[in-house]
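Biologist: I'd like a close look at just one part of this model. Could you walk me through its inside and then work outwards from there?

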Amino acid sequence: MDSIDKLLAELKTEYKEEQPKQQPPKSTPAKSFIPVSPKSASFMDDILAEIKSDFAEKDAAEELKRQQELQQEQIRQEQLKAKQLEALKLQAKEWLAKIDPLSPEGLWFERFAESYPSKLEAAIEYLRNNE
C-alpha cells in the first residue's frame with residue numbers, strides 16, 4: 001500500500017507542476033488562458049482514489065486467499081498427524097499384545113509405563129522414539 005500512496009503522491013505532484021507550465025507567456029492576453037477548473041482537479045482526485053481502492057481490494061483478496069490456503073494446509077497437516085497417530089496406536093496395541101511381561105523387555109516396559117496414564121500411551125511414546 002505504501003508504494004501505491006507514493007505513486008499517487010508523485011502523480012499529484014506532477015499534475016501540480018504541469019499546471020504552471022500550461023500558463024501562456026505574459027505577452028499573450030489573459031483571455032487565451034484557460035484555467036484548470038476545480039472540477040478537473042476533483043476528477044483527478046476521484047480517479048486516483050478509485051485506483052487506490054482497486055489496489056486495496058486486490059490486496060485484500062490476495063490476503064484472504066493466502067489465509068485460506070494456510071488454513072487448508074493446517075487442516076491437511078492435522079489430518080495427516082491424526083492418521084499417523086491412529087497407525088501408531090494400532091502398532092502399539094499389536095506390540096503390547098506380543099510383549100512378554102516377564103521378559104527383560106517386558107519388565108523394563110512396566111517400569112517405563114508407570115510414568116504414563118496408560119500402557120497404550122507409554123507404548124506409543126516408546127515406539128515413536130524407537131522408529
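Which residues make up the largest nonpolar core, and how many are there in all?

Modeller: Quick ground rules first. This is a predicted model, so local features need pLDDT of at least 70 and side-chain atom pairs count only at pLDDT 80 or more, while totals for chains, interfaces and linings use all residues. Residues are numbered from 1 along each chain as its sequence is written, and side-chain values use heavy atoms, with hydrogens and water left out.

Now your core. The largest one has eleven residues in all: L88, A92, W95, I99, F109, A113, A122, A123, I124, Y126 and L127. A nonpolar core here is a set of buried Ala, Val, Leu, Ile, Met, Phe, Trp, Tyr and Cys residues joined through side-chain atoms within 4.5 Å. Buried means under 20% relative accessible area, exposed means over 50%, and partly exposed is in between (1.4 Å probe, protein chains only). Helices α2, α3 and α4 each give two or more residues to this core, and α4 gives the most, with five.

As background, the chain has four helices and zero strands. Helices (H or I, at least four residues) and strands (E, at least two) are DSSP runs, numbered from the N terminus. Of the chain's 131 residues, 12% count as buried.

Setting aside neighbours within four places in sequence, L127 is in contact with L88, Q91, A92 and W95. Contact means heavy atoms within 4.5 Å.

Next, α3, which covers residues 104-113. Its buried residues are G106, F109 and A113. They sit on the same side of α3 because they cover an arc of only 60 degrees around the axis; that arc is taken from the directions from the helix axis to the C-beta atoms. On the other side of α3, P104 and R111 are exposed.

In α2 (residues 38-98), E86 and K89 are three residues apart, about one turn of the helix, and their side chains form a salt bridge at 3.9 Å, N to O. E86 is partly exposed, at 48%, and so is K89, at 28%.

There's a pair like that in α4 (residues 119-129), too: E125 and R128 are three residues apart, so about one helical turn separates them. The closest N and O atoms of their salt bridge are 3.7 Å apart. In general, an α-helix has 3.6 residues a turn, so residues three or four places apart point the same way. E125 counts as partly exposed at 23%, and R128 does as well, at 43%.

Methods
Salt bridge = Lys/Arg side-chain N within 4 Å of Asp/Glu carboxyl O.
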